[in-house]
Amino acid sequence: MSSPASRERLGLLLGFIGMVIFGGTLPATRLAVAEIDPIALTALRTAIAGTCSLALLLMLRRPLPPRALWPQLVIAMLCVAVVFPLLMSMGMQRVDASHGGVVLGVLPIATALAAVAVAHERPRPLFWIASIAGAALVIAFSLRQGGGTFSTGDLLLFAAVAVSALGYTFSGRLTAHMPGWEVISWILVIGLPLSIPAAVLTMPPDVGQVGVKPWLGLLYVALFSQWIGFFAWNAGMAMGGIARVSQVQLLQPFVTFALASLFNDETITLQILLFAAAVVVTVAISTRTRARAKPPETAPPQRDREPPQLAAS
């Protein structure tokens, strides 16, 4: 049997792999929307991942989730499998992936704020200070990049952050009842009645004219960002501990920068790096100072109930 230390190391490794997968989401989306409409990309992404999820759940003979959990699954599906990828794709039509990496870098803070509202937590004052500072930095970055005004791409990404935070909060709550990989799989399966017809209706008419890179970008966000990445990330947090492994997510903006430079030919300026580093600091402070509400006496152990800090996908 493996020792606790080796289990934690494996958890950190899996968390790192999941973070790198999520770090490639914006660059891959940027490649895909060059020739695929954001609505078609969202539908195809969710349909492909949902079909693979259905096959896996059937193969493993997983039972349907309890009926009481379906409302939460539907909310999570609409947020993380429909609205978030659509807003993100539309944003990536208008701004660089590196720019989006800074804006989405504040997602852990937004997720924590959503958890505070849903779970009625009472965080320490330092949490609020760090959260406000992180939001202010992202706003200042967007205004500076936009010449004093918010671009349409920024507004779309801000909306994507808010929607994703809500979806990740509900997804995190569901992990108290089933493994993380099963949560994301059922979310995607529930979305199939929407995603498959939408994919058929929005399929590019000139499929043969779409280049190889956009198709590769689509396959990446469908199979890895939307599905497989959660397997590694959630398993890593289960093995290495949520608090410890979630700190790996602080590296995600810089992974996005590296991949955007490599695959999207983007120039990563010193200004982008400095703003990203400052946002990462606020995220680190906010996640470390967040205090949770006391669970009911009849609730499962805190280790099983604590919603994971999900990476941006």
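A residue counts as buried when its relative accessible area is under 20%, as exposed when the area is over 50%, and as partly exposed in between (1.4 Å probe, protein chains only). The structure is a predicted model, in which local features need pLDDT of at least 70 and side-chain atom pairs count only at pLDDT 80 or more, while totals for chains, interfaces and linings use all residues. Residues are numbered from 1 along each chain as its sequence is written, and side-chain values use heavy atoms, with hydrogens and water left out.

In helix 10, which spans residues 192–202, Leu192, Ser195 and Ala199 are buried. Seen down the axis of helix 10, these buried residues fall within an arc of 70°, so they line one face of the helix; the arc is taken from the directions from the helix axis to the C-beta atoms. Pro193, Val200 and Leu201 are exposed on the other side of helix 10. The buried residues of helix 10 pack against helix 3 (38–59) and helix 9 (180–190), where contact means heavy atoms within 4.5 Å.

Helix 5 and helix 8 pack at an angle of about 40°, with their axes 10 Å apart. The residues that make this contact are listed by helix.

| Helix | Residues in the contact |
|---|---|
| Helix 5 (residues 97–104) | His99, Gly100, Val103, Leu104 |
| Helix 8 (residues 152–174) | Asp154, Leu157, Phe158, Val161 |

Isoleucine 75 is found in helix 4 (residues 70–92) and is partly exposed, with a relative accessible area of 33%. Isoleucine 75 and leucine 166 are 91 residues apart in sequence and 8.6 Å apart in space, C-alpha to C-alpha.

Conventions: Axes fitted to C-alpha atoms, helices over the stretch in contact; angles between N-to-C directions. Helix = DSSP H or I, 4+ residues; strand = E, 2+ residues; numbered from the N terminus.
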